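Let's take a walk through this fold, helix by helix. Keep the viewer open and follow along.

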Amino acid sequence: MTQQALTLAEVEALARAAHEGQTDKAGRPYAEHLAAVAEGVRARGGTPEQQAAAWLHDAVEDDALSREWLDSAPLPQAVKDMVLAVTKRPGEPVEGYTARILATPGALLVKEADLAHNADPARLSVLDGPTRQRLSAKYARVRSLLGLTAP
């Protein structure tokens, strides 16, 4: 008997719980970033599967949820594929990372929304100058490799 796939609301609740207590570089609750990326995907016309991937996009990378959990989770394979596509791997060159995103259906929109929120000037403004410059350059390089125009 196959398990019913998680609803978008269930994925959101699970992601919020998995990242409970985590904060972003600016000290804000990490769930705010997840919500912004999911909303960014929705606003860009993303599917419910892409929105689910947005809620989970950092879960494996940040060890909030395990790869084993994702593999066995009651989620469409497309959601799992997108999450794994946007999950950075230790020591992985950015070129390989971006090539995987481009090769995975649906993943580019998730990463585009993630980059848009990460590079939000209001979000970056609370960081120290060197960190802000380093991250801005990093996000610009990833956007370039993905063929995305400036936000």
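Start with helix H6 (residues 94-103), whose buried residues are Tyr-97, Thr-98, Arg-100 and Ile-101. Those residues sit on the same side of H6, because they cover an arc of only 155° around the axis. The arc is that of the directions from the helix axis to the C-beta atoms. "Buried" here means under 20% relative accessible area, "exposed" means over 50%, and "partly exposed" is in between (1.4 Å probe, protein chains only). Helices (H or I, at least four residues) and strands (E, at least two) are DSSP runs, numbered from the N terminus.

A word on what you're looking at: this is a predicted model, where local features need pLDDT of at least 70 and side-chain atom pairs count only at pLDDT 80 or more, while totals for chains, interfaces and linings use all residues. Residues are numbered from 1 along each chain as its sequence is written, and side-chain values use heavy atoms, with hydrogens and water left out.

Back to H6. What do its buried residues pack against? They pack against H5, helix H7 (107-118) and helix H9 (129-146), where contact means heavy atoms within 4.5 Å.

Follow the chain out of H6 and you reach Gly-106, in the loop between H6 and H7. With a relative accessible area of 27%, Gly-106 is partly exposed. Not counting residues up to four places away in sequence, Gly-106 touches Gln-50 and Met-82. As for Leu-70, which is 36 residues from Gly-106 along the chain, the C-alpha atoms of the two are separated by 17 Å.

Next, look at how H7 and H9 sit together. Their axes come within 10 Å and cross at roughly 155°, and H7 and H9 are therefore roughly antiparallel to each other. Axes are lines fitted to C-alpha atoms, for helices over the stretch in contact, and angles run from 0 to 180 degrees between N-to-C directions. Angles under 35 degrees count as roughly parallel, over 145 as roughly antiparallel, 65 to 115 as roughly perpendicular and the rest as oblique. H7 passes H9 in a left-handed crossing. (A crossing is left-handed if the near helix is turned anticlockwise from the far one by less than a right angle, and right-handed if clockwise.) On the H7 side the contact is made by Leu-108, Lys-111, Glu-112, Leu-115, Ala-116 and Asn-118, and on the H9 side by Tyr-139, Val-142, Arg-143 and Leu-146. Sorted by class, the residues of this contact between H7 and H9 are 6 nonpolar, 1 polar and 3 charged. Ala, Val, Leu, Ile, Met, Phe, Trp, Tyr, Cys and Pro count as nonpolar, Asp, Glu, Lys and Arg as charged, and the others, Gly among them, as polar.

Now over to H3. Is this helix enclosed or open? H3 is largely enclosed by the rest of the structure, because 7 of its 9 residues are buried. The buried ones are Gln-50, Gln-51, Ala-52, Ala-53, Ala-54, Trp-55 and Leu-56, and they pack against H1, helix H2 (30-43), H5 and H7.

Take the H5 neighbour to begin with. The axes of H3 (residues 48-56) and H5 (residues 77-85) come within 9 Å and cross at roughly 40°, which makes H3 oblique to H5. The crossing of H3 past H5 is right-handed. Glu-49, Gln-50, Ala-52, Ala-53 and Leu-56 in H3 meet Ala-78, Val-79, Met-82 and Val-83 in H5. By class, this contact of H3 with H5 has 7 nonpolar, 1 polar and 1 charged residues.

Then there's helix H1 (residues 8-18), which packs with H3 at an angle of about 10°, their axes 9 Å apart. That makes H1 roughly parallel to H3. Arg-16 is among the H1 residues that meet H3. At 34% relative accessibility, Arg-16 counts as partly exposed. Leaving aside neighbours within four places in sequence, Arg-16 is in contact with Ala-31, Ala-35 and Trp-55.

In helix H2, find Leu-34, which counts as buried at 0% relative accessibility. Leu-34 touches Ala-15, His-19, Ala-54, Trp-55 and His-57, not counting residues up to four places away in sequence.

Last stop: Asp-63, in the loop between H3 and helix H4 (67-72). Asp-63 is exposed, with a relative accessible area of 68%. Most residues other than glycine have a negative phi. Phi of Asp-63, however, is a positive value, near 60°.
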